[in-house]
Amino acid sequence: TARRMEQEETSTMADQEPTTTQSIPATLWTVYRGAVVHCKEDVHTLQVLEYALLVVHAPSGRIVCLAPHPRASLPLSGAIITSTSSSAIHTVPLESSASLSESEWNSSILSACEYQTLLTELKAFCGNISLSDGVKAAQQDAREWLSNVSLSPTDKEKIAGELAPIPAVQIVTVPRGCFLVPGFIDTHVHAPQYQNAGLGTDLPLLPWLEKYTFPVEKQFADLEYARPRYEKFVQRVLQNGTTCAVAFATIHAEATNLLADICHHRGLRCFVGKVNMNTNSKDYVETTEESMASTRAVLAHIRSLNDDIVQPIVTPRFAPSCTADLLGRLGKLAAEENLPIQSHINENKDEIKWVAELFPESKSYTDVYEQSGLLTERTIMAHGCHCTAAEHELFLSRKAGISHCPNSNFTLNSGILAVRTLWEKGIKVGLGTDGSGGYSFSMLNSIRNAIIASSTLNIHDPSLKSITYVEAFGLATLGGADLVCMRDELGNFAAGKFFDALLVNPHVDHSPFDVFPGDSVGNLFQRFLFNGDDRNIQHVYVKGRKVK
């Protein structure tokens, strides 16, 4: 069944004979039936549902509800895997869904019991969940329709024990052995460096920038050069299951606008940042006035797209690339326009020494950003491997967060971030690929390297407990949502959030791992995290739209 999925056409209920006489609106709801895996409440707790109904409000792309299938006899909690420490993982066995026949599993219409379950949930969604004004407007027709829906005793008798269509509902069946997970959130990536992935790993950070990175980024002044590279970047990250990226572009406004346009057309949720750098580079540099003017131009262009999945972000490359004046102006701009901020911090010891020489009046690397107004609740700082306790306190007081980039930290010999230490202090942490400092643009690679990095710290200091596979997955989903200040919008399948999701198929032809009789969804999920790749990511959804 899984291998036939690409050829199967999903049915739209509006095209079928309804059981009621009301006028039927365009498709309002998409119902995904099958297995679901997500971090239900925090990055430490995983929920596995073998067979559930996940309902999405089509006009808004928001999740209506996640409910167990009425035939599955499972509580909503399903199987819970907790992971507060490396030695505290346990699994509650799942009920078998084998009682559902193949025809029931793959039916393109809902049974009577599913009908009743979903009707209740949809009414609750329209009446009880408070969403944004845009979503409320999109739901007006739904409210009117649902307020008029009623099932007479005759209708109930007619559909009892039969398969009955629900008007305006599209059914998408997740085949047995496949499952849905939330989309990955890459909280730190360099889009123009995609062509350098896997190259130039022989140098530490500062000489690496001069030899490999700046010469490539400089060429993005030419849009004909930039276009195919940005198109390939967006294509690759979507293929790898990234549904939200926090991306650095280059100093060029037109090329940055191009990246935003491509994300808009392809459906990649992306924070797009025009890089600011006015010093300490031989020939890849801009003046302070050019930097501010081009930043404002990009801000205006992205807002003109009128697309909430593509957002601008203030992007000083890192403190050594900017004068104090430019940093201060960027901080003021971010405050005036309520913009998110991204940069680098405490990645490499030579970098830290250089910052101290460039900004002798500052108490620390973190204090440079603090003095410039660039350390806020919406700030994402990459790396942070060598932050002091005092700097952690400053992060916490400003509610700023850190993007953990383990692949890059290893590849450029920069350091290792103690993730659990940040959690214990209450500091937000997400996960990033940092391509091309990291040689892979896949978040699966980052998940694996996060586990390895944590285990490496534990080997040298047993008091630093390793993070688990559950927590590494949590970093890539719910942790990322926290870091981009979209906890109420992304990261899991809670009602009211956007449906940014991956459909994972362990059975796909040429899968990098095998499936064995008796494998549970939980086992397949673990195999996917450690051995899977883009071949297993069969479909990708952003805001309810299928983009792969």
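**Exercise 1. The loop between E16 and H16**

Step 1. Start with Ser436, which sits in the loop between E16 and H16; helices (H or I, at least four residues) and strands (E, at least two) are DSSP runs, numbered from the N terminus. Mind the ground rules: this is a predicted model, where local features need pLDDT of at least 70, side-chain atom pairs count only at pLDDT 80 or more, and totals for chains, interfaces and linings use all residues. Residues are numbered from 1 along each chain as its sequence is written, and side-chain values use heavy atoms, with hydrogens and water left out.

Step 2. Check the peptide bond between Gly435 and Ser436: it is cis, with omega at about 10 degrees.

Step 3. Now take Asp434, found in the loop between E16 and H16. Asp434 isn't a glycine, yet its phi is positive, about 50 degrees.

Step 4. Asp434 has 4% relative accessibility, so it counts as buried. Buried means under 20% relative accessible area, exposed over 50%, and partly exposed in between (1.4 Å probe, protein chains only).

Step 5. Asn280 is not a glycine either, and has a positive phi of about 60 degrees. Its 34% relative accessibility is why Asn280 counts as partly exposed.

**Exercise 2. H16 and its surroundings**

Work out how H16 and H18 are arranged: at what angle do their axes cross?

Step 1. Two packed helices are described by the angle between their axes and the distance between the axes. Axes are lines fitted to C-alpha atoms, for helices over the stretch in contact, with angles running from 0 to 180 degrees between N-to-C directions.

Step 2. For helix H16 (residues 443–460) and helix H18 (residues 521–531), the axes come within 8 Å and cross at roughly 90 degrees.

Step 3. Classify that: H16 and H18 are therefore roughly perpendicular to each other. The classes are under 35 degrees for roughly parallel, over 145 for roughly antiparallel, 65 to 115 for roughly perpendicular, and the rest oblique.

Step 4. Find the meeting residues: Leu444, Ile447, Arg448 and Ile451 in H16 meet Phe528, Leu529, Phe530 and Asn531 in H18. Contact means heavy atoms within 4.5 Å.

Step 5. Finish with Met443, which is in helix H16. Met443 has a relative accessible area of 0%, so it is buried. Its contacts, not counting residues up to four places away in sequence, include Phe184, Thr242, Leu431, Thr433 and Ala476. The C-alpha atoms of Met443 and Val237 are 8.7 Å apart, though 206 residues separate them along the chain.

**Exercise 3. Strand E18**

Trace the partners of E18: which strands pair with it?

Step 1. Strand E17 (residues 501–504) joins E18 through four bridges, antiparallel, and the partner of Leu503 in E18 is His539.

Step 2. E18 and strand E19 (residues 545–546) also pair antiparallel, over two bridges, with Tyr541 opposite Lys546 in E19.

Step 3. The hairpin of E18 and E19 has two residues between the strands, and Lys543 takes a positive phi near 55 degrees there.

Step 4. Check the cover: in strand E18 (residues 537–542), six of six residues are buried.

Notes
Pairing = 2+ DSSP bridges.
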